[in-house]
Each structure stands twice: as structure tokens, then as C-alpha cells.
Amino acid sequence: MADFEPNIVAFCCTHCAYNAADLAGSLRIQYPPAIKIIEMLCSGRVDVLHILRAFEDGADGVMVAG
Amino acid sequence: MRQLAMPGDVTEKPNSVLIIGGGVGGMRAAIDLAEAGIHTYLLETSPSLGGRVAQLGFMFPTHDCVLCRGTSDHGFGCTRPSISPVLMDQNRHPNITVLTSTDLVSFEGEAGDFKVGLRVRPQLVDPQLCINCGRCAEVCPEIRPSGFQLGLSIRKAIDKSAPRSVPNTYYLLEKVERCDECRKCVEVCPTDAIDLGAQPHELEIHVGAVILAMGFQPFDPDEMPELGYGRIPNVITSMQYERLASRSGPTEGIVSRISDGKMPKRIAWLQCVGSRDQLNPYCSSICCMYATKEAMLAKQRIPEVECHIFTMDERAFSKEYNHYYVKARDDLGIRYTRCRISAVDEDPATGEVILRYPTGRMHDEAAPGQGAIQEDHFDLLVLAVGVRPPAKAVEIARVLGIELNEYGFCQTDKFSPLDTSRPGVFVCGAFASPKEIAETILDASGAAAEAMRIMRDNLGKRTFSRSRPFLTVDGAPTERVISAQPPAIAIALCGCAGEISNVVDLQAVADYAAALPKVEKVEILPLACFQAGQERLIELITQGRTNRLVIGACSHRTHEPLFQRLMTEAGLNPYLVEMVNLREHCAWVHPNDPTGATHKACELIRMGVERVRHSQPIYKQERQPVRAALVIGGGLSGMTTALAIADAGYDVHLVEKSEELGGNLRHIYYAAEGDNPQRLLRDLVNRILGHERITLYLRSQVTRHTGSVGDFRATIRSELADGTHREHEIRHSVVTLATGGLEAGGNQYLLGQDPRVLRQSEMEDILAHQPERAARLRSVVMIQCVEPEGGVKYCSRICCTNTIKNVLRLKMLSPDCQVVILYKNVITYGFREKYYLEARRRGALFVRYTDSDPPKVSLEPRGARQALVVSVNEHIFGKTLVFEPDLLALSMSIQPSPDTAKLAEMLGLPLSPEGFFLEAHLKMRPMEFADDGIFLAGMAHYPKFIEECITNALACAGRSLTFLSRPSIQLGGVVAEVDSERCTGCLTCIRTCPFSIPEMRDDRNGIGDLGGAAWIDPARCHGCGTCTAECPANAIQLLHYRDEQIQVGLGHWQVPLQQLSVD
């Protein structure tokens, strides 16, 4: 498990969490590459089916941030 | 520097307005004017916009991050902008010219026709060329204290003020001699953006009006050395504390001691530092609340921390503020002690700050052992510094020829609170008097309305459009019809002058992407956003059958408008471009893992391609707004709004419930400041009655209200003289609610049972109309904060000043009269403190009582007559004081007018716990609701003074004019759409919509052709997508975020690692 790098999907509200990820970039904060950020107009748009689909397709973790 | 737009011929009357100050007030005023079709110069002396507000981490009482709510495009309701998207570099409002690092040097002319001389200091970095890579700051050897972080951290001489500044660029603080020898920044800059030889230059502009939005400067505690600032490391100012508590601060939001970085266990705040003293005899209005906020933030971060606030009064006088303060005190255990500490010592061994203060004067406790001095040690002492006039106030006042008041703030008049002493020059925000964000925003919109009055011939002249996702001046070329064509995708990968290409192997990404389905071509560009890059992009999408574009570059938040504009210019719908963030989300966060970053870039591009394959063109609706406004309520606020709109040339329907205009203003006979409210009333009523644009409906009420901004419909029901009714149907674009408030009744303290007990308004009536009777009064007691039983407790804001106004009048008529005021907190904020001091000087006795120990009023026989006896426990001496006054005046709560709830239901608007209308956001959107086109004025919002009502009413008028004056407004775009044929009518969307927008429509058929289906008004939808996610029948889709666009590549990565030719 030491080498395990989880594959994470992050649904991010464009107004806050996505913006925060941009800020993390501007500040050159480092994190592992296996994180995919999906931009949403609002975290309210995230359907439970999207989360289940992510797991079904092989994601190890899902984050909804908004 | 942006090309200066010089609109119009200089020989004509100018069609621009100048705003001095680029803080929250200046930005708001600029946006309002720009929206109303008037060109605006936004002048800021520092290199970036945002002012003081940009330095705050959180706002009271909502604890929203200011960065989100205030200075980015995050309005409440998430998708409605509050301040800055129109100021962001790639999507700037075409009617706003931003001039940073610019100072005013000369000023001449008259209202409507001013000539202004400006001097622009060079920033030495061209914002057009700066790509924010930060290499210049990396190599710069010159270290300076960071002004943005208030000296708590350092910056380089060449740096940004904050990571996300507007304009988004690096700049050189000041050029020193060594710079010319060093030149490291020039050498390292990949885009040659730095020119150390740039010189200041002068500009002359021609404007019709000027708005001063210069804000304030915090009091400098060096002036009070006894408080230890500068001498004791752990004594800091409240602004420094804001930076410590901010997530973008030097400690990323962790509050720590300055001396050793340890987490503090005990923090104290000293209130009124630089306020309410001999040198600054006014109240700074905001400190009680911000100190409470700061203490609450400490409690949230460090659960075991003890917070202790030393204060004179707790001035929590706005909507929900009292609730906030009670929560801080009772739920979080923040201690408030009433005293003024005038000496601070340090324990040199521990770095602790030593405070000595008298015990037994805490709130709600009339404690024994009075006066004993207690000594306490604190890890951190925060000085709650007051509000001083802006640093350049004297200089700018001299250049502009305007007067300052006795405190150095801008001189204004009670009945024209936004006018300076020079016609055509207006003021907003803290430069007029200390005030918080919400009031500054109201001021700003009000000042914009005053400027619009002068510029009325220019209203709506500089047209612009929101028909696209970005702002445009002119219409776009005709769009190619692509519906019949299969997707043909071009991909552009931007190297960002090495920022991306130095980490990500773009050739490998290009090779991978070229093989993806529907991809026609892939190209690597050195800088996609520069002129050459843009030209090449246009070629890419106009050649061949390409109809969609994926750009692997930076964040869509900064650059999407630019590329959407390119698409439009190339004849494609702007929603057919997809940005993939290879910079902020990839290269910049994985610089040490080029293989991983390249792998991720491939995966992200694959998802972008999948997504854009499903993208469809989106169009907005055009709507010509009806050129009329509805104003509900004919009091001071309603009349002021109606006149300002009508004066600009638009029709107004003014609806008043009673048989005469004036509302509460009819019963105000004098003001503390000495002005005559009855003169104001007569003037307003005469102007309303004589105005050709105003239709007045007396004895009338709105009984029906439907529609959305630009096209509202209402029924007005009027009672005629013979008792019958008539209904009027009207159409209007905007509506202002100015239904006011009223003084509560009740039976507390024998009110209504003894004729000597009366309400403060009746006291005013006696003082104004029966001076002989008043002159005979020998003893009067007044009780503050008399609230109806069982209601929500809140401060009615105006009563203390109102009481003091009556005290001063009474002392004038009967100088020997004993006047006693029983109070909980004296709320004389701002310059009103003067009248409090004056009342005390004249001998009025102020005695504090507490909720747990209120005064007692009874009737006691004294021979043949009944004496009115008032007794109260005096908390300093611990004695009971007994009075037998001639009159007892009660300050009753101000309540919303009785029809407020009914009207709120009709318009679908929320109410606050106190029963007033609840605006969209307490701070950033204080006069609006989630629905556009509905505005809130005066006491329907919260109890207010005359000058505050006028400002608020003007703000509503100004905002109304931004809709009324536009040739066309654009609605819809990225909104939710119901596929009626799949709708089962389950009402889930109606229940889950945070804005109550979906409705069941009989004229639509649902699944199986059954009658009735949900419908979502595109003019009102905010695009949050909650209904889409919740709809069990999958009948709703959010455009541009359809399921098929989201459900791509959510799982494991499909890009095989070995395929990547990473060297």
C-alpha cells in the first residue's frame, strides 16, 4: 500500500473551489498529479449518479467542493 | 497600460464620469455607471484595485470570505456577480477605463464639464504582456515589507500585491538606483514585459461628474505610545489581525503571536483606539463588530482560546448584528468588559501583555467588590483602531476645491448626503463618515445615481451587450450554422512562455491528442493569449471544417472570455470552446514530476475533447425593457427613488397606501443636526405632485405582481373617494420596495395606562408644538430599548440619537429640567457621538441598565395624586436610584410596516428574523434580491436615519436606471431547461430550487401527454443545476453542463503511460 496513489475526481464549484485550486497553482502548492478537477457552475449540479459513475469507472475517491 | 478610450469629441460636453478610489465603493459606482451606458474612469492611486476590503479575510456577520463574495465574481446566489468580473482583465466592462498608480493633479470647470489633470506613475511591468509567471520576483534581490500584509511578511521590490490582484500583473514598487545595474528581472522576463526606463506621464481627461470613493485609513497607534504598539511585539492592530486570520495572510489563517509564533491562549481587544476620545471625538462605527468577528474567528481556529474585549458600549446596530453579538457573548463565551484601558505593560520573561482594569463592570452583572483593580496577562493584544480620513484627503480636497468637516472627512449635508460642497462632485463610503461595506455599497450606487442625474442625456448611450458570455460593445459577425455538421475539433496547446512547456512535454501531449476521435488538428503555440497566438487561433478555427476548439492553457476563470471572443469573431458560438487548465492545475502544481504532469495533461485534454464533442451552441434572449418603474411606498425613500428615476426621463408608478405622501417624515419636526425635515417633506411632495413622469396612486395597494426584470406586470387597487375600488394594470421593468417601518406600540412601563408615559415620538410632538408645556417640565426620564414582548431582540439604530435630539431640545426649553436616560448601550455611531457628548455636557444623566435588571415603573400615592415612580439599579455604585418624573418617554422598537409579510409573499421574497425584507447578501448586495430588478429602500430594509434613507433610495434609483436605460437586456444563457415530455410532475424541482423559480404550467404537457409540466423561467434561472441533479426523471438539463458533458473520463486514466515519449 505504500506505493498506492489514489486516483481522485474532484467536482469543484467554479466560483470557490475551482478558484481555490487556481490559487493553489498561483502559490505553487504541490500535490500528486492523480487528481482530476471537474469544473461545475455550482456544486448543486453534482448528481449522486456522477459520483457513483466515477467510482464505477475506477476512481478511488471523489471530492465535492463548493 | 491599456489604450485610453477618449469617447466623444472633446469639444462636446463630456460623457464620462471620474471615480477617485478603486476600493469596493469605487468599483461598485463604476459598474453602475457603466451599466447605465456612461463611460467611467476608475482612478486608483495604488497599483491594484480592491482597497481595504481586499485585505479583509472575512466579513461580519456572515463570515463569508471577502475574496469570494466581494472581489471575485461570487455574488450571493453564486452566479450573479457582485463586484469584479467586469473589472477582470480579459472581460473588462467596455465602459470602464481603469487607471491604477494614478494621481489627481489638477481640476477645473463646472458640473457637467470638468477638465481633470492626472499623473500616471509607471509600474514598469506592462500588464498586457505580464503572464504572472513570477520569475522576476524570484530573481529580484531587493526585499521590502509587504504593504498588503501590513508588514507582517516581506515581498520583493518587483512582485504582486496579492496572488490574485486586479489588474492581474506584477509591478515594481519603486525603481531604485541599483535596479539599473541589476536588471535581473528584465533578463529573466520571458515576454519582455519589463521596461525600467518607463517614465511617468500626464493625462488630461474631460468628465461631467466626479465621485470620491477614497475610503479611510486606519488610526495609527503610534500616536498613543501608552498602548505599547511598536514597543511590545505582541501588541498588533486590528488590520494586522485581519491578515493573520485571513487564509491568504502571512500565516495562511493561523493566528499566532508575533514574538515567537506560538498559538495564543488568551487574546484581548482594546476598543475605541483612536475613536471617542478627545482628539477623535467621533465613533468609528465598525470596530465593535469587527472585534467581535475577530474574536469569533479566534474561537473557531483555537477552541480553547480565551477572548476578552474591553469596550465602552457594544454598538451592534444593524440587521442581525445584535444576534451575532449575543452569539459571541453567550454561545462562544467571549467576555466583554466595559472600561477604557490607558496603559499596557509587557512581561519581558514571557512576552505576555499585562492589562489592569477595574472589575465588576461586566455586562449583565452589577457585581460586588466594585472598583478593585485586576491584573491580567494576555498572549496577544489587538488594538481595535478607528477610522481616520483617507491619507490624501487634504490634498485632494484642495485640488478639487471641496470642504472637509471638523474631523477631516468630506463635508456633506443631511438632506443631500452624497453631495460635496462643489456641485458635480459626489462622495461615497467612509470618506463621508466611518461606515461598513454594506453602507459603502449603498452610498456608491447612490452617488452613481447623482452622477446619472447630471449626465442624464448620456444614459444608455454607450451600449454594450451580454448576448455572449463576455461583454461586447458591438454585435458579433453572423454565426456559422454547425448543427448539421459532425464535430471537428482543433486543439491548441499553449506553452505559456515555458510556464507549461518546461514541465509538460507538449509534443507528447500533441501526439496523443492527435489520435483522439474527431480531432482534426493539434498545434502547439508559444503564447496563445498574445497577438500572434490569437491570430493563429483564428486561422485554426476558420480553416477547413473545424467547428470546435480545445485550448490547453491556463484557467478559464481568467482567460475564457478572451477565447470565447475569438470564437465569436471567427463566426462560431462561444460555447464551443473548451479550456483545459494545464497551468494552475497541472504544470504549476507538479513541477517536480514532469512525467506525471504530462500524463495528467493528456488525460485532461482527452476529457476536454470528449466534453467539447457534446457542446452545443447556446443563445440568450433579448428583451427590450419597459421604460417604467414601480415604487411601492410614498414616504421619504419612495419619493426620493421616484424623483430620481423620473428626473432621468422614465415613467414612475408611485403607490401609497394612505391618503397622503410622506410616511414617517410627516411626524419628524426637527433633526439633531438642526435641519428642518418638514421643509424636505414639502419640497419632495411638491416635486412629486408636479412631475409629469410620475403617476401617483394614493389609497392604493399592489395586489398582484408577476414577471421578471424588464417585463414585470402588476395590478394596483385604489380606493376611490366614494368607497369603490378601481384596478390599474401596469407593466414595468423594475420595482423598488419602500414600504417603511413604524414605531411599535405596547403597554410596557405603564404606556397607555398613565398619560405621563408616552412614546418618544409623542415627546417630540410636545417639544415641537407645546414649548410652554415643555418649559415647565422639571424632571423627565427616558427609557431606551423598549421592545415588544416575545419578539426578536434587535437594535433599532435610530432611537438613541432621536432621544438625545429630544434631550437637547428639552434642555434648551427648560435648562434646569432633570433629564435621566436609562439605556443599555448608547448607539450614537459616526459623528452623532457629538450630540451624546453635548447632552452629557448639558447635564443629562445617563444610567445603564441590563436585560436582567430592567428599570421598574410604578404609581405611588402622594396625598391626593399618584406619583409616577421610576427606579433603577445603578451599576457603578450599586445603589438604587428613584425618580418621580413629570413625564416618562419610551424609545420603542422600530418595526417593519404591517404589510411587509404580505408583500414579501406576493413577490416571493424572504424576510429577516426581525420581519424586515431580507436582501440577497447583508454586505455585498444590501438592496437587491436573488431576482434581478427588485430593490429595497429605506426602513423596509432596517431602521435608518433620514440621510441613510435618502442614500438607499438614490441607490435603488441608480440601479433601476441601469436597466431602464439599456436598449436591450439579455437573459438566459447557461440555465436549466425542462424537457416537458419527460416531466412526471413530481415537484422535486420546485421543492429543491434555492430560488423558487420552477413552476407547474398548465399549458405544457408532461410525460404521456398528461396535463401540466414544470417550467423554468430562463430570465430568472441562476444556473446552479440543483434541479438538474435532483430530477428523478432526468427531465431537466443544465445547458453547457449536461450529463453527457460531465460524465466523461470520471474514472481511471485511459492514457497509457508507456505511450508517452517522455525523455
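## Chain A at a glance, chain B in detail

Strand S32 (residues 711–719) of chain B lines up with S33(B) in the antiparallel sense, and the pairing runs over 8 bridges. Keep in mind that this is a predicted model.

- S32 belongs to an open sheet of 3 strands in chain B, ordered S31-S32-S33 and paired antiparallel.
- Strand S31 (700–708) and strand S33 (725–732) of chain B sit at the edges with a single partner strand each, so each has one side left without a neighbour in the sheet.
- Ignoring direction, neighbouring strands here are turned by 15° against each other on average.
- As a reminder, strands of a sheet pair through backbone hydrogen bonds, either parallel or antiparallel.

**Cis peptide bonds in chain B**

- The bond from B:Phe60 to B:Pro61 is cis, with omega near -5°.
- B:Pro61 lies in the loop between strand S2 (39–43) and helix H2 (66–69) of chain B.
- Another cis peptide bond joins B:Val166 and B:Pro167, with omega about -5°.
- B:Pro167 is in a loop as well, between strand S8 (158–159) and strand S9 (171–172) of chain B.

**Positive phi without glycine**

- B:Cys272 isn't a glycine, yet its phi is positive, at about 55°.
- You'll find B:Cys272 in strand S14 (residues 266–273) of chain B.
- Is B:Cys272 buried or exposed? It has 22 C-beta neighbours inside 10 Å, and the cut-off for buried is 20 or more, so B:Cys272 counts as buried.
- B:Leu987, also a residue other than glycine, has a positive phi near 75°.
- B:Leu987 is placed in the loop between strand S47 (976–978) and helix H24 (988–992) of chain B.
- With 11 other C-beta atoms within 10 Å, and exposed meaning 12 or fewer, B:Leu987 comes out as exposed.

**Chain A overall**

- Chain A has 2 helices and 3 strands, and from the N terminus on they run β-α-β-α-β.
- Along the principal axes, the C-alpha atoms of chain A fill a box of roughly 30 × 30 × 10 Å.
- Of the 66 residues in chain A, 44% are buried.
- Take the contacts in chain A between residues at least 6 apart in sequence: 79% of them join residues at least 24 apart.

Conventions:
Residues are numbered from 1 along each chain as its sequence is written. Chains are lettered from A and ligands numbered from 1 in the order in which they are written. This is a predicted model: local features need pLDDT of at least 70, side-chain atom pairs count only at pLDDT 80 or more; totals for chains, interfaces and linings use all residues. Two strands pair if DSSP finds at least two bridges between them. Helices (H or I, at least four residues) and strands (E, at least two) are DSSP runs, numbered from the N terminus. Axes are lines fitted to C-alpha atoms, for helices over the stretch in contact, and angles run from 0 to 180 degrees between N-to-C directions. Two residues are in contact if their C-beta atoms, placed from the backbone, lie within 7 Å.
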